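I opened this entry to look up strand pairing, the nonpolar cores and the aromatic contacts.

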Amino acid sequence: QVQLVESGGGLVQAGGSLRLSCTASGLTFSSFGMGWFRQAPGKDREFVAAISRYDIYTYYEDSLKGRFTISRDNAKNTVYLQMNSLKSEDTAVYYCALYSPTTYYTRTSPPNSGKVDYWGQGTQVTVSS
């Protein structure tokens, strides 16, 4: 059974950094694309970043490029989200996502969010101004 367990959220001042981690179990990790989404209070869940299987491509929501970095350590079955220069508008619950093995990846466009098969439980990130 696939499980995704997130960690690393918390309270940080504006301008600070956090690194989120998501460890997966029950699968051959490197064969799956992984992603991060977030949901702020009163808003829909939105795409943040993704990394394709075998680490071929990375994708970012345009407004987050340059501040957020997604990476993975296949030996540890873990995907990371490094978040720098945090702003109050980054406050949200952050969710780890695992994409279906049938997900199609291109160089230019993020994978279809509808292809997410599994979600983590979410970790709260609060940025104080």
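**Strand pairing**

I started at cysteine 22, whose bridge partner in β8 is valine 79. The model is predicted. I looked up the strands next: β3 and β8 run antiparallel and are joined by 6 bridges. On β1 (residues 3-7), I found 5 bridges to β3, again antiparallel. There, leucine 4 stands opposite alanine 24 of β3.

**Cores**

I then listed the largest nonpolar core, which has 30 residues. Val79 is among those with the most contacts inside it, as are Met34, Trp36, Leu81, Met83 and Tyr94. Elements giving two or more residues to this core include β3 (18-25), β4 (34-39), β8 (78-83) and β9 (92-99). I checked the contacts of leucine 81, leaving out residues up to four places away in sequence; among them are Leu18, Leu20, Trp36, Val48, Phe68, Ile70 and Tyr94. I also noted a second, separate core of 8 residues, including Phe47, Ala50, Ala97 and Tyr105.

**Rings**

I counted 4 aromatic pairs. The ring centres of phenylalanine 37 and tryptophan 119 are 5.0 Å apart with planes at 70°, so I logged the pair as edge-to-face. Phenylalanine 37 is in β4 and tryptophan 119 in β10 (residues 116-119), so this pair ties together parts 82 residues apart in sequence. Buried or exposed? Phenylalanine 37 is buried at 3% relative accessible area, while tryptophan 119 is partly exposed at 36%. Ring pairs link Phe37, Phe47 and Trp119 into a cluster.

Last, I looked up arginine 45. It lies over the face of tyrosine 95, at 4.0 Å from the ring centre, and over that of tryptophan 119, at 4.2 Å.

Key. Residues numbered from 1 in each chain as written. Predicted model: local features only at pLDDT ≥ 70, side-chain atom pairs only at ≥ 80, totals over all residues. Heavy atoms only, no water. Core = buried A, V, L, I, M, F, W, Y, C linked by side-chain atoms within 4.5 Å. Buried < 20%, exposed > 50% of the residue type's maximum accessible area, 1.4 Å probe, protein only. Helix = DSSP H or I, 4+ residues; strand = E, 2+ residues; numbered from the N terminus. Contact = heavy atoms within 4.5 Å. Pairing = 2+ DSSP bridges. Phe/Tyr/Trp six-rings, centres within 6.5 Å; stacked < 30°, edge-to-face > 60°. Lys NZ or Arg CZ within 6 Å of the ring centre and 35° of its normal.
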